[in-house]
Each structure stands twice: as C-alpha cells, then as structure tokens.
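Take a look at the model below. We will go from the overall fold to a few charged side chains.

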Amino acid sequence: MVPAVPDHTALLALGAGYPALSGFVVDAAEGRAAVHVPALCLAAAEAGVDPIDPGKIS
C-alpha cells in the first residue's frame, strides 16, 4: 500500500485535474493506496493560498 499526504499545493493540482495525483485517489478507492489530507492543508487549498506567498490569497 502506498501512503500519500498531500499539502495544499498538491490539493490545488488535484483539483485542477493533474493526472498523477488523481491516480492516488483512484488507487485509494481501490484499496491500493492510503491518502491522508491534513485539515489545515485542505483549508489552505479551499482558500486558494498562494504557495509562493502564503500570506497572499488568490
């Protein structure tokens, strides 16, 4: 089993449809991977925090 802990930038890429990251979601759904998303990373991605300048919200 492959573990994955994405940060907010990875979640933004996943939301944009980045194929390599969507594969983790498919693998997790089929039991081949475990994806754990920290709540603060999810909140930062939802808020659209700029990964280069975290104080800036896009």
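How many helices and strands does the secondary structure of the chain come to? The count is 3 helices and 2 strands, taken as DSSP runs numbered from the N terminus (helices H or I, at least four residues; strands E, at least two). Read from the N terminus, the order is β-α-α-β-α.

This is a predicted model: local features need pLDDT of at least 70, side-chain atom pairs count only at pLDDT 80 or more, and totals for chains, interfaces and linings use all residues. Residues are numbered from 1 along each chain as its sequence is written, and side-chain values use heavy atoms, with hydrogens and water left out.

Now the chain as a whole. It has 58 residues, and 22% of them count as buried (under 20% relative accessible area; exposed is over 50%, partly exposed in between; 1.4 Å probe, protein chains only). The chain exposes about 4,000 Å², by the Shrake-Rupley method with a 1.4 Å probe. Carbon and sulfur atoms supply 67% of that area. Take contacts (heavy atoms within 4.5 Å) between residues at least 6 apart in sequence: 62% join residues at least 24 apart.

Next, the charges. Side chains of opposite charge can pair when their charged atoms come close. The structure holds 2 salt bridges (a side-chain nitrogen of Lys or Arg within 4 Å of a carboxyl oxygen of Asp or Glu). Arg32 pairs with Asp27 at 2.5 Å, N to O. Arg32 also forms a salt bridge with Glu30, with the closest N and O atoms 2.4 Å apart.

Arg32 is partly exposed at 43%. Glu30 is exposed at 51%.
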